[in-house]
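Visitor: I have not looked at this structure before. Please show me how to read its features one at a time.

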Amino acid sequence: MLQLEDIRVSFDTTTALDGVSLIADTGRTLTVLGPSGCGKTTLLRVVAGLQPADSGRIRLAGNDLAATPAHRRGVGLMFQDNALFPHRDVASNIGFGLRMNGQTRAEIARRVRELLDLVGLPGAERRAVQTLSGGEQQRVALARALAPEPRVLLLDEPLGSLDGPLRERLLADLRGLFAALRLTVVYVTHDADEAFALGHTVAVMRGGKVVQRAAPDDLWRRPADGWVARFLGMRNVRDQGDRSRVIPPEAVSVEPGDGAVVTGSERRGSVVWLRVMLDDGSEFYAVTTATHNPGPGDRVAVRIDEAAAFDVPKWAG
Amino acid sequence: MLLKHKATETAACIALVGVPAAFLGLFFVYPLVAIFHRGLGSSFPTDVLTDPATLRVVWFTVWQALVSTALTLVAGLPLVWATARVAFRGRGLVRALVVVPFVLPTVVVATAFLALLPESMQRGVVPILLAHVFFNVAVVVRVVGGYWARLDPSLWDVAATLGASPSRRFRELTLPALRPALAAASALTFLFCFTSFGVIVILGGPHFATLEVDIYDLATQSFDLRAAAALSLLQLGAVAAIVAVSSSLEARAGARMPLAVEEVAARRPRGWERPALAAILDLAALGFGLPLAALVVRSFATPAGAGLGFYRALGHETTALLVEPWRAVEYSLVYATAATAIALTLGTLAAIALVQRRSGRWLDTVVMLPLGASAVMLGYGFVIAFDTSPLDFRDAVWIIPVVQALVAAPFVVRILAPALRAIDPRLREAAAVLGASPARVRREIDVPLVLRPLGVAAGLAFAIALGEFGATVFLARSDRPTLPVAIFRFLERPGATNQGTAAALCVVLMAVTVLAVGVADRLTSRRIGL
């Protein structure tokens, strides 16, 4: 188990981490979700030992890591821009950490082969890293991070530079790997879908603070405040004073009838978002999986499940 | 309409390529041909090239350049680390100061070491090596430091999490990453030391001569024009070989590391780094400051005690020159201004041509040639090429700015071409789509974006022209000397007064140079507002 207690880091004029406490459970994935500049990357760097914390404690399996330099922490790290060593081939990149541990050539070669099989690139040992595609490079970077069997694997937006379908595939592969290897993972992203897809637990960060830590379903059911609800992708969020009223999109249904007009529709993959305006002038978003939907200008009836709506603070913490 | 457009384009192309090519043809290629003709015309100069005296000179030229390069690397690398990777107060100032020696005239630095060293050590190998290190540390700091400061740190972070200790990271990542930059800096330093003239002619004494100095002696003292031409050919071949070897070395230096767009934030010093940083900065301040301070002190140390005597003497005629020494300041400023104008015009045209034409590699080489061909060779070439009608230019006033511009122009191209290349083509496309004509695009996008590099290039060209010695010494008439030539004339003569006057002139030249570079930098460093 990885425990962070009240971590604070500030740079010259800005506070990057403002008292962060978090727990990453052994064998599970913790995703840290937040907009750019919220401190999530700094958080990873603190765990890796690349950035000293001004105060606070980091414990891995109960041991305080404060005095342990980065190269003795036994954590794996993977970046968005993969950071493969350009002057080494694939095998030498993956074997780097093993060589640092003083393993023999034969052991390294065996383990490299094993990892290349694991990430789906068998036989790529002697390839130059520049000749790999973006997805292949990320797989090699993952294999390199996994090779020394780190106690915690840290990933900083590893899929950020990949395009749609490839990203989906790698996301699925990562989830399978994390589960199969029973890895303790801290995964940083700004993409709510990615955070939900991978995390057993999602921690939402804002302005150097953790505003909420919850399982994906709980997070979706009860965002801590209006800002979190919007960041997760909810659209029916209305501020009233210092409170926000949230109506989940699935609580709004659109049926044939009257009382509202469709003002917009956008397809996002298998779902369609409909924007409707009630005759009293209020606007709502509804989400539907239907393949035939009313278009802008059509008259519809809108039903809102008031029981599913809830009030949260506009701004928690 | 389209046809007209085509015609304008052709005209522009002729101006871009034609003007620099014609200039180079007349003032660079033709003098070289004249040297070839002199050297090879009657018979191949085997006798000169196999003469033991020549071999001795070649040997000295090579080994002093090798040792100078090695010493420069050793002295420069700690400073590279300090300025590229460590954050400390005054880092910007240190970086700016470190490049000052590079723009100082060779004559000034040589005189400074004369002022610093005890009489018994003033001439010989030691002062030569010291002066070469003094100059070229700037090259190492700029080339290697500029690269180091932009290396993407995530590679080092990953290596750390994979268990590589700091020393391991240095060996496994930093050294391989710096190899191309180290190769480039070493090659440049070697080239500068190999073609060193001012330093050696002043500090070498009678026993130490490089090829450059030997060419100068043969041409101006013993009037053996054939031998001088033969050695010039040897020098040209050697320089070409150095350039070829260094570019193949750089090409083979291995994979380039990913570079960050902006300079990566340096780290505050920790633990042992703090005393190391302090020691490095103190040593650098001593190494750079002492010779220059000694020079200034020397210029005030008149036989009658500390005073302005040597400076006052600049207003009186002496036996060393045909004019009052201070007139050299005036000639230097006029020549350097004209040379800067020529070098900027030529260099800008050539840089635009280089960037526009993908197939312009040969042009790149041609424009860079004067950089390799030594200044002494150029001066000597001018003397033998332009001595007969209709090309009898030897006494023309403009010949000195022309030769200085030839020496400075490659530096202008080296600064402007990358700056032009670095302009994101999408900026030009965006401007065009917004309705800007090609000329307007140039004015609105290219000119503002290269204004700063242009200022840097102008300052450097001016400094190079001011300090140019190797070629100018052949061409400057004694009634119209430049500052470096005047300084040399005083140094050649014995006596404390002559030495002191030389030191005073050096201080003036140093001040003018630093002022010019600073002003050019200032004038163009303002940001462009809307």
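Predicted model: local features only at pLDDT ≥ 70, side-chain atom pairs only at ≥ 80, totals over all residues.

Visitor: Which strands pair with E7(A), and in what sense?

Guide: Strand E6 (residues 75–78) of chain A is joined to E7(A) by 4 bridges, and these two run parallel. Here A:Gly76 has A:Leu153 as its bridge partner. E7(A) also pairs with strand E8 (residues 185–189) of chain A, again over 4 bridges and in the parallel sense. In that pair, A:Leu155 is opposite A:Tyr187. Between E7(A) and E8(A) the chain passes through helix H6 (residues 164–180) of chain A, a right-handed β-α-β crossover.

Visitor: Are the residues of E7(A) buried or exposed?

Guide: For strand E7 (residues 152–156) of chain A, 5 of its 5 residues are buried. The general idea for reading the two faces is that side chains in a regular strand alternate between them. In E7(A), A:Val152, A:Leu154 and A:Asp156 point one way, while A:Leu153 and A:Leu155 point the other way. All of these are buried.

Visitor: How many bridges does E3(A) form with E8(A)?

Guide: Strand E3 (residues 29–33) of chain A pairs with E8(A) over 5 bridges, in the parallel sense. A:Val32 is opposite A:Val188 there.

Visitor: Now the sheet of 4 strands. What is its order?

Guide: The order is E2-E1-E4-E5 in chain A, an open sheet with antiparallel pairing. Strand E2 (15–24) and strand E5 (63–64) of chain A are at the edges with a single partner strand each, so each has one side without a neighbour in the sheet. Strand E4 (residues 55–60) of chain A pairs with E5(A) over 2 bridges in the antiparallel sense. One position to look at is A:Leu60, which is opposite A:Asn63.

Visitor: Which strands does helix H1(A) lie across?

Guide: A helix can be read against each sheet in turn. Helix H1 (residues 40–48) of chain A lies across strand E1 (2–10), E2 and E4 of chain A, at about 65° to E2(A).

Visitor: What are the helix and strand counts of chain B?

Guide: Chain B has 23 helices and 2 strands. Its radius of gyration is 24 Å, close to the 24 Å given by the globule rule for 530 residues, so chain B is as compact as a globular protein of that length. The C-alpha trace of chain B spans about 70 × 65 × 50 Å along its principal axes. Of the 530 residues in chain B, 46% are buried.

Visitor: How many residues of chain B are in contact with chain A?

Guide: Contact is counted on both sides: 18 residues of chain B meet 18 residues of chain A. On the chain B side, helix H8 (154–161) and helix H9 (166–194) are the elements giving two or more residues. H8(B) supplies the largest share, 7 residues. By class, the chain B side has 10 nonpolar, 5 polar and 3 charged residues.

Terms used: Residues numbered from 1 in each chain as written. Chains lettered and ligands numbered in written order. Pairing = 2+ DSSP bridges. Contact = placed C-beta atoms within 7 Å. Axes fitted to C-alpha atoms, helices over the stretch in contact; angles between N-to-C directions. Nonpolar A, V, L, I, M, F, W, Y, C, P; charged D, E, K, R; others polar. Buried ≥ 20, exposed ≤ 12 C-beta atoms within 10 Å, placed from the backbone. Right-handed = clockwise from strand over helix to strand, strands pointing away. Rg over C-alpha atoms; globule rule 2.2 N^0.38 Å.
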